[in-house]
Amino acid sequence: DTGDGHAEAGRITAEGGRQAMEAVAAAVDLALAGEVGGVVTAPISKEAIQLAGYLVPGHTEFLQERTGAASVVMVLAANLAAAPLRVALVTIHVPVSAVARLVTGPRIATVCRTLAAGLADMGVEAPRLAVLGLNPHAGDGGVIGRDEIETIAPALDGLRATRDFRLTDAAGAVLAVATSRWFLIDVDRRRPVRLPPAMDGFEAG
């Protein structure tokens with residue numbers, strides 16, 4: 001029930017925005033009450049919901065507000081023949097001109113943790129997370145931007161550790177080298193957590 005208001009098809013109006021958001025709110029409330037197993041939404045007019053008085057930039061943020069979630073992540077999904085692909089976005093519903101300053105270390109870490117928890121909820125065992133660069137060619141060593149060096153890579157330092165193993169002969173000559181990469185997972189919360197400094201022998205990087 002969206003009330004007695006009339007929203008005209010093809011026109012951006014406050015009434016259309018109100019009806020769209022009330023429909024989303026009703027669906028979320030049904031999900032929270034356990035009456036439905038999930039919510040499917042369609043694109044909505046950001047202009048219309050602003051006209052209706054909603055201050056959120058989109059219904060992704062509205063879902064966070066309505067559910068009281070600590071964080072939300074927009075994930076694009078594709079069931080490719082080789083393997084399913086999930087792409088989580090660090091920024092959403094912001095102008096391109098604002099993206100670089102919003103790609104911060106804490107935000108990257110939050111997205112990684114939230115994505116890992118969400119994948120676990122979806123039954124994905126031992127997911128492999130890859131983090132893309134911001135600049136073309138991931139900055140190419142700082143030539144096309146230093147965001148990858150100064151922001152993105154340091155954000156991942158607290159979520160992983162590396163350890164080198166060397167096999168030597170009796171004379172000390174190196175026969176083989178192997179590098180392992182470690183993530184520490186909080187199994188109760190099903191999220192990556194920062195490595196404690198007390199883990200001797202590990203080098204963050």
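1. Basis. The model is predicted: local features need pLDDT of at least 70, side-chain atom pairs count only at pLDDT 80 or more, and totals for chains, interfaces and linings use all residues. Residues are numbered from 1 along each chain as its sequence is written, and side-chain values use heavy atoms, with hydrogens and water left out.

2. Overall fold. The protein has 6 helices and 6 strands, where helices (H or I, at least four residues) and strands (E, at least two) are DSSP runs numbered from the N terminus. Their order from the N terminus is α-α-α-β-β-α-α-α-β-β-β-β. Of the 205 residues, 23% are buried (under 20% relative accessible area, with exposed over 50% and partly exposed in between; 1.4 Å probe, protein chains only). Among contacts (heavy atoms within 4.5 Å) between residues at least 6 apart in sequence, 43% join residues at least 24 apart.

3. Helix α3. In α3 (residues 59–67), the buried residues are His59, Thr60, Glu61 and Phe62, and their cover includes α1 (14–32). Thr60 counts as buried because its relative accessibility is 15%. Leaving aside residues up to four places away in sequence, Thr60 touches Val72, Met74, Ile92 and His93.

4. Helices α5 and α6. The axes of α5 (residues 105–121) and α6 (residues 147–157) come within 8 Å and cross at roughly 50 degrees; axes are lines fitted to C-alpha atoms, for helices over the stretch in contact, and angles run from 0 to 180 degrees between N-to-C directions. The pair is therefore oblique (angles under 35 degrees count as roughly parallel, over 145 as roughly antiparallel, 65 to 115 as roughly perpendicular and the rest as oblique). Gly105, Ile108, Ala109 and Cys112 of α5 meet Thr151, Ile152, Ala155 and Leu156 of α6.

5. Nonpolar cores. A nonpolar core is a set of buried Ala, Val, Leu, Ile, Met, Phe, Trp, Tyr and Cys residues joined through side-chain atoms within 4.5 Å. The largest has 9 residues: Val99, Val103, Ile108, Ala109, Cys112, Ile152, Ala155, Leu156 and Leu159. The elements giving two or more residues to this core are α5 and α6. Apart from it lies another core of 8 residues, among them Met21, Val24, Ala25 and Val56.
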